[in-house]
Amino acid sequence: GKESDYRAFSAGTFDTAKLYVPAGTTDKYKAADGWKDFANIQEGTPTGRDIEIDGLHYKLDMEAKVAEVTLSPTSYEGDVIIPATVTYGDETYSVTGIGHAAFGNCRNLTSITIPNSVTTIGIHAFSVTGLTTLDIPEGVKTIAEYAFESCDNLTAVSIPHSVTSIG
């Protein structure tokens, strides 16, 4: 038979299954042979969603009702204020993390306000940014390795008593 007869998915799967794809890739999957036949393509994971709200990108955990700030396809710049909660659909999510490289390479990031709800700051979260000062709020427990790598303009960082681990 010809190549199209050998598919990884049976025909009925295309109509019934949800295909979860990385944020910002839906259009590529809808255009790609072998993937475009899926009727239901969603960004994120079965329990999570990658979304943008008010210019910030988040990974939502639909079960735990928490959100993590993630890297933007474009660079964050200026004065960024992270909210303590975000709403998606009918649900409110507590913003508890700043993810891997979320603000990495944002050279025009001048200030960031982090809410008390944040408990973790990820690897490379603020590496190579234009930040000059940073107030980490009480509530942050973990600061991962390389969080502030190559932050040449950083002159002051306040670290609260709640921090139990610095990478």
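Is I166 buried or exposed? I166 counts as exposed, because its relative accessibility is 53%; the class exposed means over 50% relative accessible area, buried means under 20%, and partly exposed lies in between (1.4 Å probe, protein chains only). Before we go on, please keep in mind that this is a predicted model, in which local features need pLDDT of at least 70, side-chain atom pairs count only at pLDDT 80 or more, and totals for chains, interfaces and linings use all residues. Residues are numbered from 1 along each chain as its sequence is written, and side-chain values use heavy atoms, with hydrogens and water left out.

Let us stay with I166 for a moment. I166 sits in strand 14, residues 165–166, where strands (E, at least two residues) are DSSP runs numbered from the N terminus. Together with V157 and I159, I166 makes a nonpolar surface patch of about 250 Å². Such patches are made of residues with over 30% relative accessible area and no salt bridge, nonpolar side chains (Val, Leu, Ile, Met, Phe, Trp, Tyr) being joined within 5 Å; the areas come from the Shrake-Rupley method with a 1.4 Å probe, and for residues only the protein chains shown count as cover.

Next come the charged pairs. Across the whole structure, a search finds two salt bridges, each defined as a side-chain nitrogen of Lys or Arg within 4 Å of a carboxyl oxygen of Asp or Glu. One joins D33 to K36, with the closest N and O atoms 2.9 Å apart. D33 is exposed at 63% relative accessible area, while K36 is partly exposed at 42%. The other joins K59 to D50, again with 2.9 Å between the closest N and O atoms. Here K59 counts as partly exposed at 37%, whereas D50, at 19%, counts as buried.

Finally, turn to the aromatic rings. The whole structure holds five aromatic pairs; rings of Phe, Tyr and Trp (its six-membered ring) pair if their centres lie within 6.5 Å, and planes under 30 degrees apart count as stacked, over 60 as edge-to-face and the rest as tilted. W35 and F38 are stacked because their ring centres are 6.2 Å apart and their planes are at 25°. W35 is partly exposed at 31%, and F38 is buried at 6%. F103 and F126 also form a stacked pair, with centres 5.5 Å apart and planes at 5°. This pair links distant parts of the chain, 23 residues apart: F103 lies in the loop between strand 8 (91–98) and strand 9 (109–113), and F126 in the loop between strand 10 (120–121) and strand 11 (133–135).

Definitions and conventions: Patch = residues over 30% accessible without salt bridge, like charges linked within 9 Å, V, L, I, M, F, W, Y side chains within 5 Å. Helix = DSSP H or I, 4+ residues; strand = E, 2+ residues; numbered from the N terminus.
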